[in-house]
Amino acid sequence: MSAATTTPRTYVAVIGLVALGALFATLGVWQLRRADESRATLARFAAGVDEATLLGPPRTLDDGVRFRRLEVGGELIGSPQFLLDNMLHEGIAGYHVLTALRLPGVRERVLVNRGWVAAGGDRNVLPPVAVAGGSRRVVGRLERLPRPGIRLGAAASEAPRGPVVVLQYPTAADVAAILGEPVLDYQLLLDPAEPDGYVRQWQAPGLPPERHWSYAGQWLALGVGAVAAAVAILWKAWRRGA
């Protein structure tokens with residue numbers, strides 16, 4: 001292949017395709033790692049129900065206690081109730097209902113996720129989610145608060161106050177600012193057998209491993225295609241100069 005037949009444009013195209021191939025391969029490997037993480041999360045979620053039930057709230061939620069069952073006695077705070085917006089169930093838009101639980105001798109409140117309710121046709125009409133107070137035993141599974149893919153800033157300080165407050169992916173600090181009391185930085189997914197709850201088909205968070213494997217295959221196929229295109233361009237240039 002002579003230099004005359006290999007133009008700068010050819011070199012740019014080949015280098016660009018090889019760079020794209022490397023990028024696609026990196027994304028494929030990243031998806032494979034995500035699949036491993038998803039598989040580990042599924043295993044922890046399944047094992048959590050078989051481990052000994054905690055009888056006191058942990059200070060922080062690490063992997064050692066995440067998905068574990070917790071049983072505590074306290075009093076549900078009737079107002080305000082928090083509706084976590086943009087929560088889907090079987091393709092239907094709705095809310096997760098968060099209720100603060102006051103525990104004796106514990107400064108921070110525990111946020112109990114009482115399940116999913118449909119939003120309804122009129123977003124200005126909120127579902128009735130009131131709950132009676134009084135002492136009770138509450139059983140559920142420990143989990144992180146829902147997180148968005150990209151957080152565009154907290155707007156909890158601008159959320160309207162009232163008996164029911166709608167929030168999008170709040171942090172514990174956001175909820176505490178509205179509640180006026182400190183809260184622990186996690187939620188308790190209310191057990192399906194417990195009263196005063198809504199739809200509670202709890203599942204491990206994130207995409208299943210199979211979805212990540214599918215994405216990895218697509219990225220790796222694109223990477224192979226980009227490198228193959230680079231080789232084809234070089235081969236054609238060589239044939240022209242032969």
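Leaving aside neighbours within four places in sequence, T10 is in contact with I233 and A237. Contact here means heavy atoms within 4.5 Å. T10 sits in helix 1. Its relative accessible area is 9%, so T10 counts as buried. Buried means under 20% relative accessible area, exposed means over 50%, and partly exposed lies in between (1.4 Å probe, protein chains only).

The model is predicted: local features need pLDDT of at least 70, side-chain atom pairs count only at pLDDT 80 or more, and totals for chains, interfaces and linings use all residues. Residues are numbered from 1 along each chain as its sequence is written, and side-chain values use heavy atoms, with hydrogens and water left out.

Now the backbone. Most residues other than glycine have a negative phi, and most peptide bonds are trans. F67 has a positive phi, near 75°, and is not a glycine. This residue lies in the loop between helix 1 (8-48) and strand 1. Helices (H or I, at least four residues) and strands (E, at least two) are DSSP runs, numbered from the N terminus. F67 has a relative accessible area of 1%, so F67 is buried.

Further along comes P80. A cis peptide bond joins S79 and P80, with omega about 0°. P80 belongs to the loop between strand 1 (69-76) and strand 2 (81-89).

E90 is next. Its phi is positive, about 55°, although E90 is not a glycine. E90 is found in the loop between strand 2 and strand 3 (92-102). Is E90 buried or exposed? At 68% relative accessibility, E90 counts as exposed, whereas F67 is buried at 1%.
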